[in-house]
Amino acid sequence: MSKKEVYEQKTEEILNPIVEKHGFDLWDVEYVKEGGNWYLRAYIDKPGGIMVDDCEVVSRELSDILDEKDFIDEAYILEVSSPGLGRPLKKEKDFARSLGEEVEVRTYRAIDRQKEFIGILKDYDKDTVTIEYEDGETMAFDKADIALIRLAFDF
C-alpha cells in the first residue's frame, strides 16, 4: 500500500466516528499534491446538503486528532467540504447510495463514436455498471473502460 493510501485509510478511520456522531456521511478522503502543496481533503455530506458550519465542526475535530496522532510526514493543508454536485462515484458505497440517480459515464475509448453517456444508474457489481436511458434501453459498461462516473446535474 502506498503512503498516500495509508494516509487516506488512517484518516477515514479517524473521520468515520466524527461524521457519524454528527449525522453526516463520509463521501471520500484524498491526499493529493497540487501546485507544490499537499492537501488532505475530506468530503462529507448529509441529506439536504452540507453547510460551512458542518465543515468547520468536522475540520476542528479532525485537526485535533491528526495533530495528536501525527502520522503524516509532509506538511499539508486540511480541507473539509461537500463533495459537490458532480461528485464522482468511486467506492461501492457511492454506487449503492446512487442507485436510481442520474449519472454521467465517461469512457476512455469511444463506444459507437461516443465517450459520454447519461442515464439512470440501475445496477453495478465489482466489474460492471449498468445505466438505463429515458427510452428504457439499458447499457452495461466494464468498470475498466470507465474514465469517470459521477452524478449528473442539470442547470
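Predicted model: local features only at pLDDT ≥ 70, side-chain atom pairs only at ≥ 80, totals over all residues.
Residues are numbered from 1 along each chain as its sequence is written, and side-chain values use heavy atoms, with hydrogens and water left out. Local features need pLDDT of at least 70 and side-chain atom pairs count only at pLDDT 80 or more, whereas totals for chains, interfaces and linings use all residues.

Helices (H or I, at least four residues) and strands (E, at least two) are DSSP runs, numbered from the N terminus. The axes of helix α1 (residues 3-21) and helix α2 (residues 52-69) come within 10 Å and cross at roughly 145°, where axes are lines fitted to C-alpha atoms, for helices over the stretch in contact, and angles run from 0 to 180 degrees between N-to-C directions. With contact taken as heavy atoms within 4.5 Å, Thr-11, Ile-14, Leu-15, Ile-18, Val-19 and Lys-21 of α1 meet Val-58, Glu-61, Leu-62, Ile-65, Leu-66 and Lys-69 of α2. By class, this contact has 8 nonpolar, 1 polar and 3 charged residues (Ala, Val, Leu, Ile, Met, Phe, Trp, Tyr, Cys and Pro count as nonpolar, Asp, Glu, Lys and Arg as charged, and the others, Gly among them, as polar).

An open sheet is formed by 5 strands in the order β7-β6-β5-β4-β8, with antiparallel pairing; two strands pair if DSSP finds at least two bridges between them. The edge strands, β7 (138-142) and β8 (146-151), each pair on one side only. Within the sheet, β4 (residues 102-111) and β5 (residues 114-124) pair in the antiparallel sense over 6 bridges, and Arg-106 has Glu-116 in β5 as its bridge partner. In the loop between β4 and β5 lies Arg-113, whose phi is near 60°, a positive value in a residue other than glycine; Arg-113 is exposed, with a relative accessible area of 85% (buried means under 20%, exposed over 50%, partly exposed in between, with a 1.4 Å probe and protein chains only).

Aromatic pairs, defined for rings of Phe, Tyr and Trp (its six-membered ring) with centres within 6.5 Å, count as stacked with planes under 30 degrees apart, edge-to-face over 60 and tilted for the rest; the count comes to 5. Tyr-7 and Tyr-31 form an edge-to-face pair, 5.0 Å centre to centre with 90° between the planes. Because Tyr-7 lies in helix α1 and Tyr-31 in strand β1 (residues 25-34), the pair ties together parts that are 24 residues apart in sequence.
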